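Subject: Handover of a structure, with notes

Dear colleague,

I am passing on the structure below, and my notes on it follow. Please read them with the structure open beside you.

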Amino acid sequence: MPGFESESRRHGRFTRRALLLGSAQAALLGVLGHRLYDIQVTHARRYQLLADENRISTQGSAPIRGNIRDRFGIVLAQSEERLEAAVVPDLAGDVASIVSRLGKVIAITPEDRERILALAGRQSRLIPILVRSGLTWEELARISVLAPQLPGVFTQTGAVRHYFRGADIGHVVGLVGAPDQQDLSTDPSLRLPGVRIGKAGIELGMETALRGSAGEITREVDAHGRIVRDLDERPSIRGSDLVLTIDTDLQTSVLKRMAAEDFAAVVALDAQTGEVLTMASTPTYDTASVAEGINKEDWQQLVDREGDPLVNKAIRGQYPPGSTFKMVTAMAALDAGLVTHKTRFTCQGSLELSGQRFGCWKLGGHGSVRLHDALKESCDVYFYELARLCGIERIAAAARKLGFGSALECGIGGQKPGLIPDPAWKQAALNNRWYAGETLLAAIGQGYVLATPLQLAVMTARLATGRAIEPKLLRPDHGRSAAPAATLSFDAGSLELVRQGMIAAVNEGGGTASSASLPIRGAIMAGKTGTAQVSRASHGRSSASLERKLRDHSLFVGYAPASAPRYAVAAIVEHGGGGSKVAAPLVRDVMTMLLERDPLSQPAYPLDAPTAARADAAPLATKPNG
Amino acid sequence: MTATTSARFDHRSLAAKLASAPVIAPLTAVLIGAAGVAALFSVTGGSMEPYAMRHVARLVAGFAVVIVIAVLPLRFWLGLAYPAYALLLAALAAVPYFGNEALGAQRWLTLGPLSFQPAEPMKVALVLALARYLQGVPANAMSHWAHVATALLMILVPAALILAQPDLGTAILVAAIGLTVLFCAGTSFWYLAAGVAGAAAVVPLSWDYLHDYQQRRVLVFLDPEADPLGMGYQITQAKIALGAGGLTGRGLLHGTQSQLDFVPEKHTDFIFALIAEETGFIGGAILICLFGVLLFSLIGMGLRCRSLFCRLVCVGVATTLFLHVTVNLGMVMGALPVVGVPLPLVSYGGTSLLATLAGLGLAMNAFVHRRQRLRAGELGLLLR
């Protein structure tokens, strides 16, 4: 039967083709299985990382900034931890109704409510909005209890920076402010809401130590960005508490005395250790009121006010040191062996150098003078002669050795370096060669020479002790060795000669600084006046007849007791006129306060008692009852 | 005993029919369905509601239907083949006028309380109708141009109607199923090659007729990175889910990609991503193997049938299943474009499950009646 035969042939064909089909399907399933293996086993690691990136979101928590105290433990800057309530709109759903509900539990002002709703409408619904800061523990407890009825509401700890005695110490402690674009690029944790960064003073200089480090909460989120649960929490680390060397009460007294002079700066050091006891600059401004919030007009007024109240002149004011620089020239010449205590030069009121006349402040001249007299009477011509002998390089070297020409790192931010000129500097900065006359001007602290009051105080301490005293604002010296400063490579005899000159200037008849002699019986100060010419016009004219801004700066540096140096002080009164008239009496009074109060003899705030420090810090923080 | 079986009528009792029913295929299908229940349980974060429970109910009801389909007389299905095909063809033609629109395409028809996509049952009906037609073609005339042309027309008309919906993916599937049946019937390779070439030629020509979203799907498939948060997002997230599962998986309910909603459509088209993430390569491979077992048992059932109709029904059902599995898995693994094809028996969805189970029932019916002979002449009588 042909039909049957073809039927069986068709059967065979079907079998072959069905088996072919089955094989093709098996092969394709095998390909899928291989691809599955490739994704799930061969490249599993890569996809697991991608999956984790998908689901894990990290949120930083801002650290609490360290507190700042003065030498005796007075709190100057403190971070007050505050309990805050915040709401995440995405979790809350209807923000308005949640805020209304929350308003029945804690006090929310209509302004706060308006602000929250405005923010909720404006920014991403995933960003928490601060509802209110400064919750009481009772309010916190109420929110916790009612949490199920308040979706999206959570509580956290924030911090507010408080400043104390800001008008007296604000220039030293400085201020914090919102980080700017440049700060943000250095540390991403600064993007956390509410983070403040040091903008001036210790707050700026010790930013790293004060800041602490941000914590991190690792959370699992779903595809819609909703928080599923917390995976891990690394708490933030509080910033270090700092204790300053400053004696705030002394500083207050010094500022009171300085009120007589409009724009001035005073730096007082422990001559042996370099600890800064006072760093005062007038006019002052109250950092506390600025930190509490200052309106634009008041701030602009501060910025524009004459005398730059925002500037700490002790470290940011750069002045020609005038005659206070003569000790530097003297040390340069003595140390090089170019002169001795017997070497005499004749002062006829001026000195001629390559056709130019360089005058002495005393128009009639000092006659024949030795170093002792030259320092005592501040004879300019004598130092012109020394300058001609040693040259600018030696003077510059001695100046640097005594602490000039660069910022003295001590933890405070914004310090200016001053300037010690030499031919190389002039070539680089002004593209001009050095003239011999400029050496003469430098020798008496004029011309290009610039110094800060802090540098002048350090020079004084170095001359008084013969050691490389470094200024210190922090106790214990933060990160630096506590060993006594190294001896400077100056000849002891030369140093003694200069000291004797300084003693004579204050205490011998005819000394330019006799107005600085101490009113305390038996207490002897060594010192040197300085009158820094601001304009050529002032030469030989009485300051009273000059317009204020053309008047000379009045300077004085001194240490006491002369026999066993304990305190070193530098003062500058801007446009105060002659050094002996204004700055010398100011330093006399400051030194008198120092010796009478003698802060070095009083027990300082114990550094090795952290528990005491904590307990002390407590009064500001709200604590639960019981 | 087999020789006594009548060509036209099967007089065996219901029990005897059930006793001769295949075991492996339905058992495998039950296992695969159970995997779907477990996955749907996980989709909702460990709850039987709303998906898993309904899937169980549909499976139970579906298997009852499977058994009914399997034991009905073969004659019944032979008789139903053309009317069912014609009815669904009419429904497909009616869709543009009466259908509900979704995603810019009209696919759904509503009949009273039921709404269904005619394209789904059409796959089964096409297998049935083709098998019925080819059964009637004399063995030596299988490659006669008139028969081939008729068969191709039977395939291309519904495919064209589906393409017009427009639903390119399903149109290609329907055409592929029909051509495979034709191939297994013994039609000359050349005709089939011509058919495939013709269909392939239609695809680029139809590009302009594709909806924007369809064009985008194809383009995104070709370069998923170009659109990482749009269409490419689905592909990328599904692949991440697979890879994150690793060899052994993250454990049921613990797949972060699936549980945290990164995987899209995870209860329907992308359910395999969840399974592979939570049970790993081992789980995924086992599921693929189960599908393999189901496919080969279906083809094996076909090999043991006497009549061409029964053989073609088994192979056609197997091919339908295979194409759905391959297209779905290929899509989840990023090897094929995103087309809305669910994973048979696993994905949540009534129409697809019913169509798959109906196919399974028909294949079982063919196997139950595997010894029955059908003659071309008798067939003609039967229908006239």
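This is a predicted model: local features need pLDDT of at least 70, side-chain atom pairs count only at pLDDT 80 or more; totals for chains, interfaces and linings use all residues.

Residues are numbered from 1 along each chain as its sequence is written, chains are lettered from A and ligands numbered from 1 in the order in which they are written, and side-chain values use heavy atoms, with hydrogens and water left out.

Chain A has 23 helices and 20 strands, where helices (H or I, at least four residues) and strands (E, at least two) are DSSP runs numbered from the N terminus. Of the 626 residues in chain A, 50% are buried. Among the contacts in chain A with a separation of 6 or more, 72% are between residues 24 or more positions apart, a contact being heavy atoms within 4.5 Å.

In a regular strand the side chains alternate between the two faces of the sheet.

**Backbone details**

Most residues other than glycine have a negative phi, and most peptide bonds are trans. A cis peptide bond joins A:Thr282 and A:Pro283, with omega about 0°, and A:Pro283 lies in the loop between β12 and α12 (287-292) of chain A. The peptide bond from A:Ala560 to A:Pro561 is likewise cis, with omega near -10°, and A:Pro561 is placed in the loop between β19 (553-560) and β20 of chain A.

A:Asn431, although not a glycine, has a positive phi of about 55°; A:Asn431 sits in the loop between α18 (423-430) and α19 (436-443) of chain A and counts as exposed, at 62% relative accessibility. In chain B, B:Glu265 has a positive phi near 45°, again in a residue other than glycine; B:Glu265 lies in the loop between α11 (256-259) and α12 (271-303) of chain B and counts as partly exposed, at 43% relative accessibility.

**The contact between the chains**

The contact takes 40 residues from chain A and 62 residues from chain B. The area buried between the two chains is about 4,100 Å², of which carbon and sulfur atoms give 69%; buried area is the accessible area (1.4 Å probe) that two parts lose on being put together, summed over both. In chain A, the residues that lose the most area to chain B are A:Arg10, A:Phe14 and A:Arg17, together 19% of what that side buries.

The side of chain A that touches chain B draws at least two residues from each of α1 (2-42), α2 (44-55) and β8 (215-221) of chain A, and α1(A) gives the most, with 25 residues. Between chain A and chain B the count of salt bridges is zero, a salt bridge being a side-chain nitrogen of Lys or Arg within 4 Å of a carboxyl oxygen of Asp or Glu.

**One residue in chain B**

B:Ser352 is found in helix α14 (residues 350-368) of chain B and counts as buried, at 15% relative accessibility. Not counting residues up to four places away in sequence, B:Ser352 touches B:Glu120 and B:Pro342. The C-alpha atoms of B:Ser352 and B:Pro121 are separated by 8.6 Å, although these residues are 231 residues apart along the chain.

With best wishes

Note on methods: Buried means under 20% relative accessible area, exposed over 50%, partly exposed in between (1.4 Å probe, protein chains only).
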